[in-house]
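Q: Could you take a close look at the salt bridges here and walk me through them?

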2 protein chains.
Amino acid sequence: MPRIVRFHQTGPADVLKIEETEIPQPGPGEVVLKVDAIGLNRAEVMFRSGQYMYPPKFPSSLGYEAAGTIAAVGPDVTQWKVGQKASAVPSFSLQDYGTYGDYVVLPVYALESYPDNLSAEEATSIWMQYLTAMGIVEIGKLQSDQWIVITAAASSVGLAAIQIARSIGARAIATTRNRDKVEALKSAGAELVIDTKEQDLVAVVNEVTKGAGVPLVFDPIAGPGVEQLAQATSGNGMVMLYGALAMAPTPLPLFPVVGKHLTIRGYTLFEIVGNPERRKEAVKFVYDHLKNETLRPIIAKVFKLDDIVEAHRYMESSEQIGKIVVVP
Amino acid sequence: MPRIVRFHQTGPADVLKIEETEIPQPGPGEVVLKVDAIGLNRAEVMFRSGQYMYPPKFPSSLGYEAAGTIAAVGPDVTQWKVGQKASAVPSFSLQDYGTYGDYVVLPVYALESYPDNLSAEEATSIWMQYLTAMGIVEIGKLQSDQWIVITAAASSVGLAAIQIARSIGARAIATTRNRDKVEALKSAGAELVIDTKEQDLVAVVNEVTKGAGVPLVFDPIAGPGVEQLAQATSGNGMVMLYGALAMAPTPLPLFPVVGKHLTIRGYTLFEIVGNPERRKEAVKFVYDHLKNETLRPIIAKVFKLDDIVEAHRYMESSEQIGKIVVVP
């Protein structure tokens, strides 16, 4: 029997249950994907634990990303055929769809092809991270030769941002609290890595930029650290906030913000995937750069679907460098 | 003997002293203005009390605005002639120049002509308020028919923003904590006035905008109220912060900011006056609209120069509606 991961209450990783089910039927505008690999995301940990933007409806499925093969198409679906490979783009509500299972229903608008030089594990590790990171280009207007500070840089989105910055000729300063990740961040393309446990971010940025600061910061942490980020930002620069990992109040650093005319910009992937023009442009950029291997997803670890609880715990450990993938 | 206002230490209004002096000599790139009227600004209260972006150098002069007649020009100055009328644009450091006096030295770049349908009292009440308020057009990109929330709306900049919003066909929601100011704000052109002591800003804005919120907020207060402002802002909207009147920490409302992709934008007038293109455009807009009386400065009260301490105290009382002016 096909398996699906569901949970019946919010809580720690072990609320996730492997359940047996029938192969689902696609409705209008939907397909069934036979899953070859699932990409895990921090958002799913938050959804599971009741800390996401909206709550689960129980029993709840889970998951934004999967790569696989079309197993069935809905009555009106003409753009996809059974047997084609596709990868899910996070562009739906977790209340409506999920990807943790052997066979999952997905809306047609959430599917994209992927370049065939990618394995299934790699193909499920692209859309969330690269389309989110495309915000530095689409919203942050990062230009070649400009510096960007990328915090929590060993996360999949952080690594994707380093790669995208590098691909357009910009210069990434990556931050991590874990000295064991420094070398991996350099290999990933960061020109400079700041170990924020040992080094003063503002001082290092000022030294590197000769006191000017960086025009763009890309930060999923928020919390008290935004003060230093604002100090490290140059006049008329932007701090993009796309998460709340700190789980602590975020003081707005009013004096640098007003005095330097800074922009604090809230951002999520939905700004790109919810805008057809922008999505098309960003998907093409990512597809082309994956194909020519300028972009290359970094996979931290691969788990079996039966070990989904362990995979979620690993996500919460923050030990990983890159994407956590689950396979059937 | 000509008088000049100076202070020798930061502190309350009575640190300001009227001192006698010679008529000053202009250096290269400077003129001497015989002052007909001085416009007071909140920034000067902050500078006087040591709470501004930078500290005074003692003995310190004071003042960003004055209207008057050119009394002398520096050796290389060809664009102004003795006898011409001019009004000062706040575009210099208060550490270098001041306007509180009978004769003051100003840099040529700080002078603009003003339309001759204005009195001297009006002519010193235009550049700070209208050029600051032009941020809603230049930076905030306010469009006709759009709503804007303008806080501390009875301040000179608040009233200027109401008038500018109205002049481009936008719809101003003005806020005040003082019910006695409600009628004056309506007369100034606000389509709606919210008395924030009595009314719930978010509820009123939601009602008026049918739940959408406003695309732009123009706020000099900051502090805890930014939370409500973010809640009242529509998706992809902007909260412009151009002051710190609350004198209290400002929590960054992370969930609405990230979830609605909001922009929190620090802003000062210097972004307009420091950019030659933008300054030219904004000055022309203001000049033309003053000339055709679409814009009209509102003067709260006129003091004598000898009563400068009292004038500063009145500014700090926050009782005024509009500009406080001082004349010789």
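A: Happy to! One term first: buried means under 20% relative accessible area, exposed means over 50%, and partly exposed lies in between. Please keep in mind that this is a predicted model.

Over all chains, the structure holds 30 salt bridges. Let's begin with A:Arg48, which pairs with A:Glu316 at 3.0 Å between the closest N and O atoms. This pair links distant parts of the chain, with A:Arg48 in helix H1 (residues 42-48) and A:Glu316 in helix H12 (residues 308-317) of chain A, 268 residues apart. A:Arg48 has a relative accessible area of 1%, so it counts as buried. A:Glu316, with 36% relative accessibility, is partly exposed.

Next comes the salt bridge between A:Lys323 and A:Glu65, where the closest N and O atoms are 2.6 Å apart. A:Lys323 belongs to strand E16 (residues 323-327) of chain A and A:Glu65 to strand E4 (residues 65-73) of chain A, so the pair ties together parts 258 residues apart in sequence. Both A:Lys323 and A:Glu65 are buried.

Now for chain B: the side chains of B:Lys323 and B:Glu65 meet in a salt bridge, 2.6 Å from N to O. B:Lys323 sits in strand E16 (residues 323-327) of chain B and B:Glu65 in strand E4 (residues 65-73) of chain B, so this pair ties together parts that are 258 residues apart in sequence. B:Lys323 and B:Glu65 are both buried. Back in chain A, there is also a network: A:Arg3, A:Asp102 and A:Asp306 are joined by salt bridges that share partners.

How values were computed: Residues numbered from 1 in each chain as written. Chains lettered and ligands numbered in written order. Predicted model: local features only at pLDDT ≥ 70, side-chain atom pairs only at ≥ 80, totals over all residues. Heavy atoms only, no water. Salt bridge = Lys/Arg side-chain N within 4 Å of Asp/Glu carboxyl O. Helix = DSSP H or I, 4+ residues; strand = E, 2+ residues; numbered from the N terminus. Buried < 20%, exposed > 50% of the residue type's maximum accessible area, 1.4 Å probe, protein only.
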